[in-house]
Amino acid sequence: MARYFDLHPENPQRRALGQVVEILRADGLIAYPTDSCFALGCRPGNRDGLDRIRAIRKLDHRHHFTLVCQDFAQLGQFVHIDNAVFRAIKAATPGSYTFILPATKEVPRRLMHEKKKTVGVRIPDHRVTQALLAELGEPLLSSTLLLPGSGEPMTQGWEIKEELDHQLEAVLDSGDCGVEPTTVVDFSSGEAEILRVGAGDPAPFE
């Protein structure tokens, strides 16, 4: 049964965040709010968590998972990024974008795209997510909480708790969050290719 954490949207309670981090470090799977709807998240090394995200969302092996990072220093450990791409991404973050980039050796092979050896990364503009990442000290392996057969992501913490109570260890709720998935921009070729238009304005990358 998932624990339910009701967090203040501006100043999330440190004690509660510490408890969530303990759950994550014990290889738990959580649902948490971001600036572009709720996401499923676990530590990058959590193989069981990855399999559970795949099962909940019915994802195949071509799916791009995302490493949700606190800042550029963290992001730079996991992807190769040249100066031109760096400037383009820097201007748009933090924000509701996911960027596909070549993965470094720090990224477990099972998180990469099977053929392209790429991974998604993003830096969210959401206080609760940022506070959680700061407390955890590493990225969250994440995927949008979009259930199979549903056209829209789940947007209410209590609904997520009811629907996925026995498949998660924790649900974090801080009130309203985004209702659209991120805009996805593929920079793996060095040029921007918009794969999905979502909450982030695609204009800077067109």
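1. Helix α4 (residues 83-92) has V85, I89 and A92 as its buried residues, where buried means under 20% relative accessible area, exposed over 50% and partly exposed in between (1.4 Å probe, protein chains only). The packing partners of the buried residues of α4 are α3 (72-75) and β5 (97-102), with contact defined as heavy atoms within 4.5 Å.

2. The model is predicted: local features need pLDDT of at least 70, side-chain atom pairs count only at pLDDT 80 or more, and totals for chains, interfaces and linings use all residues. Residues are numbered from 1 along each chain as its sequence is written, and side-chain values use heavy atoms, with hydrogens and water left out.

3. Six helices and ten strands make up the secondary structure of the chain; helices (H or I, at least four residues) and strands (E, at least two) are DSSP runs, numbered from the N terminus. The radius of gyration is 16 Å, close to the 17 Å that the globule rule gives for 206 residues, so the chain is as compact as a globular protein of that length. That radius is taken over C-alpha atoms, and the rule is 2.2 Å times the number of residues to the power 0.38. The C-alpha trace spans about 45 × 35 × 35 Å along its principal axes.

4. Of the 206 residues in the chain, 54% are buried. Among contacts between residues at least 6 apart in sequence, 66% join residues at least 24 apart.

5. In helix α6 (residues 157-164), the buried residues are G157, I160, K161 and L164. Seen down the axis of α6, they fall within an arc of 100°, so they line one face of the helix. Their cover includes β1 (3-6), β2 (30-32), α2 (47-57) and β8 (170-173).

6. Residue N46 is located in the loop between β3 (39-42) and α2. N46 is buried, with a relative accessible area of 1%. Leaving aside neighbours within four places in sequence, N46 is in contact with D27, G28 and R110. N46 and R25, 21 residues apart in sequence, are 8.9 Å apart in space, C-alpha to C-alpha.

Notes: The arc is that of the directions from the helix axis to the C-beta atoms.
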